[in-house]
Amino acid sequence: MNNYIFHRKNAEYSANERRWRRSQEAYSGGREYIEQALIRHVSEIDLEFSERRRRAYYFNYPRAIARRITQYALSISPVRRNADAELLEDWSRTGLRTNEVMRQLSTLLNVYGRAWLLVEMPFFRGNPTIQQAKEKRLRPYAKALSPLQVTDWAVGDDGKLLWALIAEEELICSDPFTPPVRVKRRRLYDRNSWRLFENVSGKVMEVASGINPTGSVPLVPVTEPDGFGLAANHWFEDVVRISEAIMNNESEAQMNTVKQMFGMLVVSDTFARSARKLAVQEGQTDNFSATVARSAAIIESVEEKGISRYISPSGVATDTIRSENRYLKEELYDVVGLAVQGNLREHQSAESKAWDFQNVSQFLATRAELLEQAEIEAWKLMRRYDLDLPVPEVRYNRKFTVSDLAGAIAGLLQLADIPAGNAYRKAVGRTAAELLGHIGHISIPEKEEIINEIDKEK
C-alpha cells in the first residue's frame, strides 16, 4: 500500500505547520525552546554566547495568556441540564471531566486559533450485553485535538466534512519484559466508516476498519472566526514574538549584570604586542586573545589612556532594557485584549476604563459562545453512537463583569437608598446578585435561585 497517506497534508495545515509548532514550543517552554529562541549577536563570540545561553531563563507569557483566557472564560461552570452523570465525570474515557476537556479545547484554540473535538466509540465485536458494555466501558467519549493532529480533511458541497485524517502515536508497553515500541498510525474517517493504518518498517498496512454509525465525520472543527476564518494569521504568533523579544532583552540585562560584577580587561597596545610576541615565541598562541568582545580583552593604543584596567556596562543600560521589557509586557496584554488585568492603569479616565472593561467582557463572551457550540455538537455526535444517551441543554456563562468592584458596590448602595417601587428594588437586587458572583463564587443555579427569590418578593 502506498505510504502517501502518512505524508499528505491539507493546504491550511502546510501553510501553518511551522507557526503552529513554534506556538506549541513557546507554550511548552523549557530549555529546548530557549535554545531555539535565543538570538546570537553578530559580534558575539562562541564562548560568550555559550555562557549567555546557559544562563538564560524564560518568562512563559504565552502559556500564562493562553491559560488565563481559559480560566476567565470557564471561571463559572456551564449548566448542563439532563446530561448523563457518568459521562460528565469521565467525558474522555481517560478520567477527564467534561469541564476539563473543554478547558483543553479552549487552551488549544488560544494557542493555535484552530482546534478539533473528536468523538469516538471504543472498538468492539459482536453485540455485547448491557452488563458487558458497562464493564468494558463501551460508550462514546470526546477528546480535544490540536491542529497538528488532524493532518488532512475535505469538505463536501453541503459544507460538512467528507473525510478527515488523524495522526496517532501509541507507545506499546504492556509487557514489562520487552522494550516499549512506539507506533505511528493514521486513522481515516469518512461519513460511513473508519480505517486504521500503521507504518511498519516503512511499509503501510491497514490494521483495522469499522463502521461509522454517526453518518458524519465525528470531528467538530473549532476556529476563531476573526482569525483563520478571515484568512488571517492567528494573534498568538504575535504573542510569541513579543515574548521572545522580552526573553532576549532579559538575557542581555542578565549578562550586563554579570559584567558589572566581573568587568572586562583593557590593556595597553604596548603590553599586548609584547605578550603576543612572547606567546608566539613559546608556541602558545592560543593563550592570547586578540578578539574584541564582551568576554575578551580590549586593546588600546599608547596614545590613549594606556592603562590596564577593568571596565563594565553601566547600570543605566540594564535599567533601560528592563524598562523596555515592562513596556513590551504592557503592550503584550493590550494586544491580546487583557490590558485591564495586565495593567491597572490607575490614571485612566472613567470612559477609557469602561471601554477596556467592555473589551475584555466581549472577548470572553465570544469565547464562551464558541465553546458552547462545540460542546453541543459533541453531545449530538455521542447520541448518534448511542441513542439512549440524551443531548443535554448546555449553557455557558456569558456575563463577565470586569470592573472596579469597590466602586460598583458603592454606587449600588447609593442606588438602593433611592425611594422607589417594588420593580426598582427588584432590579437593584438582581444587580447585587450579579456582583455577588464576582466577590465569591456562586454557581449559575444558585444565582438563579437568588434572583427567583428576589422576583417573588412583594
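A: Ala26, Tyr27 and Ser28 in H1 meet Pro62, Arg63, Ala66 and Arg67 in H4, where contact means heavy atoms within 4.5 Å. By class, the contact of H1 with H4 comprises 4 nonpolar, 1 polar and 2 charged residues. Ala, Val, Leu, Ile, Met, Phe, Trp, Tyr, Cys and Pro count as nonpolar, Asp, Glu, Lys and Arg as charged, and the others, Gly among them, as polar.

Q: What kind of model is this, and how are residues numbered?
A: This is a predicted model, in which local features need pLDDT of at least 70 and side-chain atom pairs count only at pLDDT 80 or more, while totals for chains, interfaces and linings use all residues. Residues are numbered from 1 along each chain as its sequence is written, and side-chain values use heavy atoms, with hydrogens and water left out.

Q: At roughly what angle do the axes of H1 and H4 cross?
A: The axes of helix H1 (residues 11-28) and H4 cross at roughly 95° and come within 6 Å. H1 and H4 are therefore roughly perpendicular to each other. Angles of 65 to 115 degrees count as roughly perpendicular, under 35 as roughly parallel, over 145 as roughly antiparallel and the rest as oblique. The axes are lines fitted to C-alpha atoms, for helices over the stretch in contact, and angles run from 0 to 180 degrees between N-to-C directions.

Q: And how do H4 and H6 cross?
A: The axes of helix H4 (residues 61-73) and helix H6 (residues 98-112) come within 9 Å, crossing at roughly 135°. That makes H4 oblique to H6.

Q: Which residues of H4 and H6 meet?
A: From H4, Ala66, Ile69 and Thr70 meet Arg103, Ser106, Thr107, Asn110 and Val111 in H6. The residues of this contact of H4 with H6 divide into 3 nonpolar, 4 polar and 1 charged.

Q: Is Arg67 buried, partly exposed or exposed?
A: Arg67, which lies in helix H4, counts as partly exposed at 41% relative accessibility. Buried means under 20% relative accessible area, exposed over 50%, and partly exposed in between (1.4 Å probe, protein chains only). Arg67 and Gln104 are 37 residues apart in sequence and 9.3 Å apart in space, C-alpha to C-alpha.

Q: Switching to strands: what is the order in the open sheet of 5 strands?
A: The order is S4-S5-S6-S7-S8, with antiparallel pairing. Strand S4 (150-155) and strand S8 (203-211) are the edge strands, each pairing on one side only. The twist averages 20° from one strand to the next. Two strands pair if DSSP finds at least two bridges between them.

Q: How many bridges join S5 to S6, and S6 to S7?
A: Strand S5 (residues 161-172) is joined to strand S6 (residues 181-190) by 10 bridges, and the bridge partner of Ile166 in S6 is Arg187. S6 is joined to S7 by 5 bridges, and the bridge partner of Tyr189 in S7 is Trp194. S6 and S7 form a hairpin with 2 residues between them.

Q: What about S7 and S8?
A: Strand S7 (residues 193-200) and S8 run antiparallel and are joined by 8 bridges. In S8, Val204 is the bridge partner of Asn199.

Q: Finally, how many helices and strands does the chain have?
A: The chain has 15 helices and 13 strands. Helices (H or I, at least four residues) and strands (E, at least two) are DSSP runs, numbered from the N terminus. Of the 458 residues of the chain, 40% count as buried.
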